[in-house]
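Student: I'm new to this one. Could you walk me through it in plain words?

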Amino acid sequence: MLASDNPGDNVIAILTRLGNEPDAVRRVLKRIEAGPPGEREQALAELIIAGLRQLSGEVNRETKKMPILEDIMDHDVLGPAIRQGRAEGQIELLLGMIEKKFGGIPPRIHKRIASLKPNQIKTAGLRLLDAQRIEDLFAG
């Protein structure tokens, strides 16, 4: 499978016991780099599964050496999922900080915080530093 011209086959080959994983990762990344842009995006997404074989460190080291200009955040499925996870993490952190500063959070404030967009989360977090009461987070 490593000899295949199909980058998907190459990624699957990484999951087998090849004996020289760093070399295999390098070969696969070179094939991805040389491929058409649409196929590169798919192959890079598939390469994420290399983490199943504890090869993510090797993949990260090698991708930094190669001029592959695909951004996983542009992937149709993975990008939105990553952004959603980040926003949820930011909201959770903000709620924890608000609770630490003010005690319990009223349900209406909790609901309002949960509906904030990423730039609004940042603004509320910065306002929290000077806030005297929870409502100050939304002063505008």
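Student: What pLDDT does the protein chain average?

Tutor: This is a predicted model, where local features need pLDDT of at least 70, side-chain atom pairs count only at pLDDT 80 or more, and totals for chains, interfaces and linings use all residues. pLDDT is the predictor's confidence in each residue, from 0 to 100. Here 61% of the residues score at least 70, and the chain average is 76.

Student: How many helices and strands does the protein chain have?

Tutor: Going along the sequence, you read α-α-α-α-α-α-α. So by the DSSP definition, the count is zero strands and seven helices.

Student: Is Arg-133 buried, partly exposed or exposed?

Tutor: Residues are numbered from 1 along each chain as its sequence is written, and side-chain values use heavy atoms, with hydrogens and water left out. Arg-133 comes in the segment after α7 (118-128). Buried means under 20% relative accessible area and exposed over 50%, with partly exposed in between (1.4 Å probe, protein chains only). Because its relative accessibility is 47%, Arg-133 counts as partly exposed.

Student: What distance separates the C-alpha atoms of Arg-133 and Phe-102?

Tutor: Along the chain, Arg-133 and Phe-102 are 31 residues apart.

Note on methods. Helices (H or I, at least four residues) and strands (E, at least two) are DSSP runs, numbered from the N terminus.
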